[in-house]
Amino acid sequence: MSGEVLLRVEDLRVYFYTYAGVVKAVDGIDLEVYRGESFALVGETGCGKSTVARAVLRLIPPPGRIVSGRVFFEGRDLLSLPEKELRAIRGADIAYICQDPSSALDPLYTCGYQISETIVSHQGVVKWRDAWMYALKLLKQVAIPEAEKRIKNYPHELSGGMKQRVVISMSIANRPKLLIADEPTTALDVTIQAQIMDLIMELKKLYNTTLLLITHNLGLVAEYCDRVAVMYLGKIVEVADVYTLFEKPLHPYTQGLLKAIPNPLKRVERLYSIPGMIPSPVNLPPGCRFRPRCQFAKDICAREEPPMIEVEPNHYVACWMYAKR
Ligand SMILES: Nc1ncnc2c1ncn2[C@@H]1O[C@H](COP(=O)(O)OP(=O)(O)OP(=O)(O)O)[C@@H](O)[C@H]1O
Ligand SMILES: [Mg+2]
C-alpha cells in the first residue's frame with residue numbers, strides 16, 4: 001500500500017426516483033482507496049454497494065440520478081468529465097466486474113470476439129489477429145482449459161465459473177489501475193469461489209492493480225482485503241483496516257454482522273441475527289438509520305445523524321456512542 005489516494009469519493013448521493021418514492025440508495029458517502037491496496041465495501045443486500053460502484057463509473061440507470069458528490073480518480077473528477085474522456089477511462093484504467101457475469105457477456109458473440117473487441121477499442125491494436133492472439137493469451141492466463149477451443153465458444157456454452165473467468169480476462173485486458181469487482185463470486189459454488197478470488201489476487205499482483213471488492217461475504221474480506229468500509233442503508237458506518245475491524249468492531253451494526261457469522265466449532269441453538277428489519281429506503285428513520293435495530297440507542301440517536309468519528313488512527317465510526325460530549 002502506497003499511501004497515495006487513487007480513488008476518492010466525496011459526499012456521493014445517488015437517488016432513484018420511483019413511483020413508490022425517492023430511494024436514497026447512496027446518501028452522502030466518503031471513501032478513499034489507496035493505490036495498490038485491496039479495499040472492501042461490505043453490507044447487507046440493498047445497502048447501496050453496487051450503486052456506489054456504478055456511480056463511480058457514471059453508469060446509473062434511470063430513474064436513478066447522481067444527486068451530488070465528486071469522484072476523483074488520479075485527481076480528475078469523473079463526475080464532471082466529458083463523456084468521451086470518461087469512456088476512455090472506463091474499461092481501460094478502471095475495469096468493472098459486475099454482479100452478474102452473464103449480463104456482462106453478449107450472447108450473440110464468441111468469447112474471443114468480445115475480448116478482442118475490448119482490446120481493440122482501447123488499445124487501438126490495428127490488426128484484429130493480434131487482438132485475437134492476445135485474447136487467447138488472456139484466456140490461458142485466467143486458466144481456461146482448452147483455451148484454443150473455448151475462445152470460439154459462445155457464452156451459453158460455458159459454465160458459470162468459466163464465464164466469470166472470461167469476464168475477468170476482459171476486465172484485465174487493458175491492465176487497469178483500478179479493478180472494481182462487484183460480488184465476483186456470489187453466483188459460484190465455494191470451491192470455484194476460492195479459485196476465482198485467488199485468480200483475481202494473482203492478476204492484481206501481476207499488474208499492480210488496486211482492488212475495490214464489493215461483497216456481503218465477510219470471509220472474503222478477512223482473507224483478501226487490507227481495509228474495509230461497512231455500509232448500512234446508503235451510509236458508511238465504519239472504516240478500518242481488516243484486522244482492526246474483526247478484532248475490535250465499534251459500530252453496533254458491524255458487531256452484529258460479525259456475530260452473525262456461524263462458527264462451526266461452536267454448537268448453538270440458533271444462529272444470531274441482528275434484531276429488527278432493515279427499514280424501507282424510501283422511508284428512512286430520522287437520526288441514525290440503525291437506531292430502530294440498535295440495543296444501545298440513546299435520545300440523540302433519534303434526533304441527529306451521527307458524524308464520522310476517528311476513534312483511533314485510521315479507524316472511523318459513525319455512532320454517537322463514541323462522540324466526546
Ligand atoms: N434501477 C433501480 N430502480 C429503483 N431502485 C433501485 C434501482 N437500483 C437499485 N435500487 C435500489 O437502491 C438500493 C441499493 O441497491 P444496490 O443494488 O446498490 O444494493 P446492493 O448493496 O448492491 O445490494 P446487493 O447486495 O443485493 O447487490 C436498493 O434499495 C435498491 O432497491
Ligand atoms: Mg449489489
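The largest share of the shell around ligand 1, three residues, comes from α1. Helices such as this one are DSSP runs of H or I with at least four residues, strands are runs of E with at least two, and both are numbered from the N terminus. The model is a predicted one, in which local features need pLDDT of at least 70 and side-chain atom pairs count only at pLDDT 80 or more, while totals for chains, interfaces and linings use all residues. Residues are numbered from 1 along each chain as its sequence is written, chains are lettered from A and ligands numbered from 1 in the order in which they are written, and side-chain values use heavy atoms, with hydrogens and water left out.

The shell holds 16 residues, the closest being Thr45, Gly46, Ser50, Thr51 and Gln99; a residue is near a molecule if one of its heavy atoms lies within 4 Å of it. By class, six residues of this shell are nonpolar, seven polar and three charged. Here Ala, Val, Leu, Ile, Met, Phe, Trp, Tyr, Cys and Pro count as nonpolar, Asp, Glu, Lys and Arg as charged, and the others, Gly among them, as polar.

Individual atoms can also be followed. A polar side-chain atom of Thr45 lies 2.5 Å from an oxygen atom of ligand 1. For Gly46, a backbone N or O atom is 2.8 Å from a ligand oxygen, and for Ser50 an N or O atom in the side chain is 2.8 Å from an oxygen atom of the ligand. Taken alone, ligand 1 exposes 630 Å², of which the protein buries 72%; these areas come from the Shrake-Rupley method with a 1.4 Å probe.

A cavity is a set of points, on a 1 Å grid over the protein atoms alone, where a 1.4 Å probe fits but cannot get out, and its lining residues have an atom within 4 Å of a point. Two cavities of 30 Å³ or more are counted. The largest has a volume of about 100 Å³, and of its 13 lining residues the closest to its centre are Cys288, Cys294, Ala297, Cys301 and Cys319. This lining comprises ten nonpolar, one polar and two charged residues.

The second largest cavity has a volume of about 30 Å³. Among the residues that line it are Thr45 and Gly46, together with Glu44, Cys47 and Tyr232.

Conventions:
Polar contact = N/O pair within 3.5 Å; in protein donor to acceptor, adjacent residues only side chain to side chain. 1 Å grid on protein atoms, 1.4 Å probe; cavity = no way out; pocket = protein on both sides within 12 Å on 5 of 7 lines; lining within 4 Å. Points joined across faces, edges and corners; volume = space filled by probe spheres on them.
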